[in-house]
Amino acid sequence: MYQAHFGLTGKPFGLTPDVGLRWPEPSQQIALNTLELALAEGEGFIVVIGEVGLGKTMLCRTLIHRLKAPFRSAWIPDPQLSPGRLRAAVAEELGLSISSRSSVQQLHRQLQQHLLELARAGQRPVLLIDEAQALSTTTLEAVRLLTNLETERRKLLQVVLFGQPELEQRLARPDLRQLRQRITFHCRLAPLDRAAVSAYVEHRCRSAGAAGTLFTRPAQFRLARASHGVPRRVNVLAHKALLAAWGKGRRLAGWAEVGRAIRDTDTLQATAGFGPRLARAAVLGGLLVAAWSWLGGLQP
């Protein structure tokens, strides 16, 4: 909506992870380097932990883009699968045709044979599971059993689990101690500090075609404080602030525009605790007021 106004060629603050807009913030870069080293060394299990919005999916997709031959990736974005469906999904991701009539035991044997064939061909399969905190205990155990498959030299399948802190709590349970003992590398993503938020915002704007900065320094400070350094929240607030600046015909988003974005976002989140009708009414009213304000109907 505001791209032409700011001279942009794309959306700088979309919520869909875009590897082309990735900024190598410190904890993500450390995690990426660790992942690449661990996979190169043939480690079986690696875990990446991060709070909501810190970029786990972005890191996962970046890793997939960087894994070149002989690696072969199998990405599972929806982990709410039974053990059988998980095995089937892994098989399909690795190019194995399976029959819907196959039993769990048959599927396991077929997958094991396929992994052996990939190993003989010099390929190194890597299973990446996003939102792994949602895996059931039985499915986590199925993942562990898949890593039992190995040759004399190395594992037939390496596994990277991306999850929220709840995953750590799950793995600390006594019944999952066998899986926990196989985790050789553990990475943790951290929020951005104030300077990193400014660098992140500037990088995103430039990557989307901006000739210069689109946010004043006070606006960047307010973005950092309000977002708590969480990239996803930075994206939400920055997008709304640019929308507010566009509505006023301004070339830069300032302190006031970020404040309006914060109020709008907090209002929408607060309605989550209301009843359905009241929530819809509050959201609709907030959006109408915000739209009128952005279009110059109200003074800041």
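**Ground rules.** I number residues from 1 along each chain as its sequence is written, and side-chain values use heavy atoms, with hydrogens and water left out. Because the model is predicted, local features need pLDDT of at least 70 and side-chain atom pairs count only at pLDDT 80 or more, while totals for chains, interfaces and linings use all residues.

**Entry: largest pocket.** I looked up the largest pocket and noted about 340 Å³ of space. A pocket here is an open set of points on a 1 Å grid over the protein atoms alone, where a 1.4 Å probe fits, with protein on both sides within 12 Å along at least five of seven lines; lining residues have an atom within 4 Å of a point. Its volume is the space filled by probe spheres set on the points, which are joined across faces, edges and corners. I found 23 lining residues, with Gly 53, Leu 54, Gly 55, Met 58 and Pro 231 closest to the centre. Helices α3 (56-66), α9 (194-207) and α11 (231-247) each give two or more residues to this lining. Helices are DSSP runs (H or I, at least four residues), numbered from the N terminus. By class, I noted nine nonpolar, eight polar and six charged residues. Asp, Glu, Lys and Arg count as charged; Ala, Val, Leu, Ile, Met, Phe, Trp, Tyr, Cys and Pro as nonpolar; the others, Gly among them, as polar.

**Entry: second largest pocket.** This one has a volume of about 230 Å³. I found 13 lining residues, and Tyr 2, Lys 11, Phe 13, Gly 14 and His 239 lie nearest the centre. Helix α11 supplies the largest share, five residues. The lining has seven nonpolar, four polar and two charged residues.

**Entry: Leu 176.** I located Leu 176 in the loop between α7 (165-171) and α8 (177-180). Its relative accessible area is 2%, so Leu 176 is buried (under 20%, with a 1.4 Å probe and protein chains only). Leaving out residues up to four places away in sequence, I listed contacts with Thr 137, Leu 140, Arg 170 and Leu 171 (heavy atoms within 4.5 Å).

**Entry: aromatic pairs.** I noted three pairs; rings of Phe, Tyr and Trp (its six-membered ring) pair if their centres lie within 6.5 Å, and planes over 60 degrees apart count as edge-to-face. Tyr 2 and Phe 6 are edge-to-face, with centres 5.8 Å apart and planes at 75 degrees. Both are buried. Trp 23 and Tyr 200 are also edge-to-face, at 6.4 Å and 80 degrees. They sit 177 residues apart, Trp 23 in the loop between α1 (3-6) and α2 (26-40), Tyr 200 in helix α9. Both Trp 23 and Tyr 200 are buried.

Definitions and conventions: Buried means under 20% relative accessible area, exposed over 50%, partly exposed in between (1.4 Å probe, protein chains only). Rings of Phe, Tyr and Trp (its six-membered ring) pair if their centres lie within 6.5 Å; planes under 30 degrees apart count as stacked, over 60 as edge-to-face and the rest as tilted.
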